[in-house]
Amino acid sequence: MIREHDRVVLAAAVPEEGLVTGDVGTVIHVYRDGQAYEVEFITLEGKTAAVLTLEASQVRSVGQREIAHARELASR
């Protein structure tokens with residue numbers, strides 16, 4: 001179960017925000033017992049890139065053997 005403050009992985013790109021599948025965000029609010037989440041995506045410098053309300057199908061939990069990967073944020 002995904003909870004507030006958990007890191008999650010984007011399961012599908014959100015091109016209008018410059019986000020791609022695999023980007024990592026932090027849950028800042030859980031809606032309707034986990035049916036949707038408010039997720040903040042930040043740059044490695046700590047600046048907010050996007051805050052989105054996403055359905056449960058659009059994110060997944062971070063796997064135990066996954067590592068972060070840096071990339072340049074696409075401009076909007």
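How many bridges join strand 1 to strand 2, and do the two strands run parallel or antiparallel? Three bridges join them, and the strands run antiparallel; two strands count as paired if DSSP finds at least two bridges between them.

1. Basis of the note. This is a predicted model, in which local features need pLDDT of at least 70 and side-chain atom pairs count only at pLDDT 80 or more, whereas totals for chains, interfaces and linings use all residues. Residues are numbered from 1 along each chain as its sequence is written, and side-chain values use heavy atoms, with hydrogens and water left out.

2. Overall fold. The protein has zero helices and five strands, in the pattern β-β-β-β-β along the sequence. Helices (H or I, at least four residues) and strands (E, at least two) are DSSP runs, numbered from the N terminus.

3. Size. The radius of gyration, taken over C-alpha atoms, is compared with a globule rule of 2.2 Å times the number of residues to the power 0.38. For 76 residues a compact globule would have a value near 11 Å, and the 12 Å of the protein agrees with this. The C-alpha atoms fill a box of roughly 35 × 30 × 20 Å along the principal axes.

4. Strand pairing. Strand 2 and strand 3 form a hairpin with four residues between them, where R32 in the turn has a positive phi of about 45°.

5. The largest pocket. A pocket is an open set of points on a 1 Å grid over the protein atoms alone, where a 1.4 Å probe fits, with protein on both sides within 12 Å along at least five of seven lines; lining residues have an atom within 4 Å of a point. The largest pocket holds about 790 Å³ of space, a volume being the space filled by probe spheres set on the points. Its lining comprises 25 residues, of which D23, V24, I42, L44 and H69 lie nearest the centre. Strand 2 gives the most to this lining, with three residues.

6. Residue H69. This residue is found in the segment after strand 5 (59-61). H69 is exposed, with a relative accessible area of 72%, because exposed means over 50% (1.4 Å probe, protein chains only). H69 and D23 are 46 residues apart in sequence and 8.6 Å apart in space, C-alpha to C-alpha.

How values were computed
Buried means under 20% relative accessible area, exposed over 50%, partly exposed in between (1.4 Å probe, protein chains only).
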